[in-house]
Amino acid sequence: MSGREHVEGMWTMWRRKHRHRGFLASCLAPRACGGAAGFTFIEIMVVVAILAILAALVIPRIMGRTDDAKRTAAKVQIRNIEGALQLYKLDNGVYPSTEQGLKALVEKPSVGVIPKKWKIGGYLPKLPEDPWANPYKYLSPSQKGEFKGEYEIISLGTDGEVGGEGINADITNWNLDKD
């Protein structure tokens, strides 16, 4: 057997052995110098370093937005409650009283002015809590100075206390467009 035939024979055997593998799989096969398959420690450390850099850039952007997301969710819930209150008034001619509260949107009131055309099944499937797990406050009629209206829906915000500024500010149906 000549040298050329020997090389061709080895090439044929190698092709048979690796013909079902793609380029990447053959690259991950045992190393040409006889080493075991897999990644070196340096390769793994480079990947870990890249992932750490990406995490350092992305995580602060995501984590800083949770308060904004909760405030937006509260505003959306207040708008949904306002829609249910409008339907309640269309059916019954009046908004629920402060005494009846938002519970009148879920269960037929048994105190105050009892609605005659209360919709079976209610106007909301359940009473929502604000994103900070506090109940929404409801006043009818509203007592808020220059914003006197037929009703007021209030979320006490992050701190759960009346008043506040910034992320602790109360969210009401008359200041939904602020921020």
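Two residues are in contact when they have heavy atoms within 4.5 Å of each other. Of the contacts in the protein with a separation of 6 or more, 44% are between residues 24 or more positions apart. The model is predicted, so local features need pLDDT of at least 70 and side-chain atom pairs count only at pLDDT 80 or more, while totals for chains, interfaces and linings use all residues. Residues are numbered from 1 along each chain as its sequence is written, and side-chain values use heavy atoms, with hydrogens and water left out.

**The whole chain**

Begin with a cartoon view of the entire protein. It has 4 helices and 3 strands; these are DSSP runs numbered from the N terminus, helices being H or I of at least four residues and strands E of at least two. From the N terminus on, the order of the elements is α-α-α-α-β-β-β.

Next, display the surface. The protein exposes about 12800 Å², of which carbon and sulfur atoms supply 62%; accessible areas come from the Shrake-Rupley method with a 1.4 Å probe, and for residues only the protein chains shown count as cover. Of the 179 residues, 25% are buried. Buried means under 20% relative accessible area, exposed means over 50%, and partly exposed lies in between (1.4 Å probe, protein chains only).

Select residues 41-63, which form helix H3 in which Met 45 is found. Met 45 is partly exposed, at 39% relative accessible area. Now show the side chains of Phe 41, Ile 42, Met 45, Val 46, Val 47, Ile 50, Leu 51 and Leu 54: together they form a nonpolar patch on the surface with about 800 Å² of accessible area. A patch is made of residues with over 30% relative accessible area and no salt bridge; like charges are joined within 9 Å, and nonpolar side chains (Val, Leu, Ile, Met, Phe, Trp, Tyr) within 5 Å.

**The salt bridges**

Side chains of opposite charge can pair when their charged atoms come close. A salt bridge is defined as a side-chain nitrogen of Lys or Arg within 4 Å of a carboxyl oxygen of Asp or Glu. How many salt bridges does the structure hold? There are 2.

Select Lys 89 and Glu 150, whose side chains meet in a salt bridge with an N to O distance of 3.1 Å. Lys 89 lies in helix H4 (residues 66-92) and Glu 150 in the loop between strand S1 (137-139) and strand S2 (152-155), so this pair ties together parts that are 61 residues apart in sequence. Lys 89 is partly exposed, with a relative accessible area of 28%, and Glu 150 is also partly exposed, at 42%.

Then select Lys 103 and Glu 107, a salt bridge in which the closest N and O atoms are 3.7 Å apart. Lys 103 is partly exposed at 47% relative accessible area, as is Glu 107 at 43%.

**The sheet**

Strands of a sheet pair through backbone hydrogen bonds, either parallel or antiparallel. Two strands count as paired if DSSP finds at least two bridges between them. Select the 3 strands: they form an open, antiparallel sheet in the order S1-S2-S3. S1 and strand S3 (171-172) are at the edges with a single partner strand each, so one side of each has no neighbour in the sheet.

S1 and S2 pair over 3 bridges. Across this pairing, Tyr 138 stands opposite Ile 153, and Leu 139 stands opposite Glu 152. S2 and S3 pair over 2 bridges, with Ser 155 opposite Ile 171. Both faces of S2 are covered: Glu 152 and Ile 154 on one side, and Ile 153 and Ser 155 on the other, are all buried.

**The loop between S1 and S2**

Select Ser 140, which lies in the loop between S1 and S2. Is Ser 140 buried or exposed? At 15% relative accessibility, it counts as buried. Leaving aside residues up to four places away in sequence, Ser 140 touches Tyr 95, Pro 96, Ser 97, Thr 98, Glu 150 and Tyr 151. A polar atom of the Ser 140 side chain lies 3.3 Å from the backbone oxygen of Pro 96.

The peptide bond from Ser 140 to Pro 141 is cis, with omega near 0 degrees.

**A last stop**

Finally, select Ala 133, in the loop between H4 and S1. Although Ala 133 is not a glycine, it has a positive phi of about 65 degrees.

Terms used:
Polar contact = N/O pair within 3.5 Å; in protein donor to acceptor, adjacent residues only side chain to side chain.
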